[in-house]
Amino acid sequence: MKKIFFLLIISSFAFNTNAQNLSVPHYGIKVGLNHSSFNYTQYNYLFLGLVKPDDGLGLPKTTYNNGVKAGAFIDLKLSKRWYISPTVSYSQFGVISEKKRTWNVDTIRTTGNEVKTYTMDYVTLDANFEYRVTDRFSLSVGPSGGYLISNNVVKVVNEEGYQRIEDDFNGEIEGVNTMDAGLNLGLSFFITEHLDVDLNLYLGMLEFENIDEGYQKSLQAGSLSFGYTFN
């Protein structure tokens, strides 16, 4: 996984070097919000149906959480319409997941739920290729890699309305991957020559956790950000 992240870095700098022969680079900053959740690969077709749900495991209920995204970019012109904008950002992601639980004691079965609140901070590198449809509007696509710098999960377990204190947890996420990688899809609207608004969809392609709990999940997020390009 680390090789993927460093490959993205090397690729971005390689494009940077080649593109400098075509245009003078422009620098800028972006600030916005991430709206993130988990993508449970058993329950959609992101991986072409290769991952099947386990019997008896229903789709967990998830709630999107918001986090800050801020970083800097280099804007390089490759041709009349094509640009590349390597971007390094600090990105916050968060998810609340809820799944049903059952307990069997002798012949008695009780039910309840387990709620986990995840918070994660990443340093991300996005190698975005942009196609300028017009002077005001562009489309973008490109790979993204992230390195996890901090994480936490708060687990609260309830059994028929009573909190099971012995099962609660507050600490680092078990088995969490320090590297993440995926695909960015986005569009930008240029308000002025220097100010733009970006909408972006991130689809993670790596498993979020290396644990066997019957679920496979990856990060997904939508973001809204404002960018400012300096002369």
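Asp126 counts as buried at 4% relative accessibility, where buried means under 20% relative accessible area, exposed means over 50% and partly exposed lies in between (1.4 Å probe, protein chains only). This is a predicted model, in which local features need pLDDT of at least 70 and side-chain atom pairs count only at pLDDT 80 or more, whereas totals for chains, interfaces and linings use all residues. Residues are numbered from 1 along each chain as its sequence is written, and side-chain values use heavy atoms, with hydrogens and water left out.

Asp126 belongs to strand E4, which covers residues 108-132; strands (E, at least two residues) and helices (H or I, at least four) are DSSP runs numbered from the N terminus. Apart from its neighbours within four places in sequence, Asp126 is in contact with Lys69, Ser85, Pro86, Thr87, Pro143, Ser144 and Asn184, contact being defined as heavy atoms within 4.5 Å. With one of these residues, Asn184, the side chain of Asp126 makes a side-chain to side-chain polar contact at 3.1 Å. A polar contact is a pair of N or O atoms within 3.5 Å; within protein, one must be able to donate a hydrogen and the other to accept it, and residues adjacent in sequence count only if both atoms are side-chain atoms.

Side chains of opposite charge can pair when their charged atoms come close. The rule applied here asks for a side-chain nitrogen of Lys or Arg within 4 Å of a carboxyl oxygen of Asp or Glu, and by it the count comes to twelve salt bridges. Among them are the following pairs.

| Salt bridge | Closest N to O |
|---|---|
| Asp126 and Lys69 | 3.8 Å |
| Arg101 and Glu114 | 2.6 Å |

In the salt bridge of Asp126 with Lys69, the partners come from distant parts of the chain, since Asp126 is in strand E4 and Lys69 in strand E2 (residues 61-77), 57 residues apart. Lys69 is buried as well, with a relative accessible area of 17%.

Asp75 is buried at 11% relative accessible area, and Arg132 counts as buried at 13%. Arg132 also lies over the face of Tyr83, at 3.8 Å from the ring centre; a charge sits over a ring if NZ of Lys or CZ of Arg is within 6 Å of the ring centre and within 35 degrees of the ring normal.

Arg101 forms a salt bridge with Glu114, and the two are placed in strand E3 (residues 82-105) and strand E4 respectively, 13 residues apart. Arg101 is partly exposed at 22% relative accessible area, whereas Glu114 counts as buried at 7%. Both residues take part in a network of salt bridges that links Lys99, Arg101, Glu114 and Lys116.

The structure holds seven aromatic pairs, for which rings of Phe, Tyr and Trp (its six-membered ring) must have centres within 6.5 Å, with planes under 30 degrees apart counted as stacked, over 60 as edge-to-face and the rest as tilted. One of these pairs joins Trp82 and Tyr131, which are tilted at 55° between the planes and lie 5.3 Å centre to centre. Because Trp82 lies in strand E3 and Tyr131 in strand E4, this pair ties together parts 49 residues apart in sequence.
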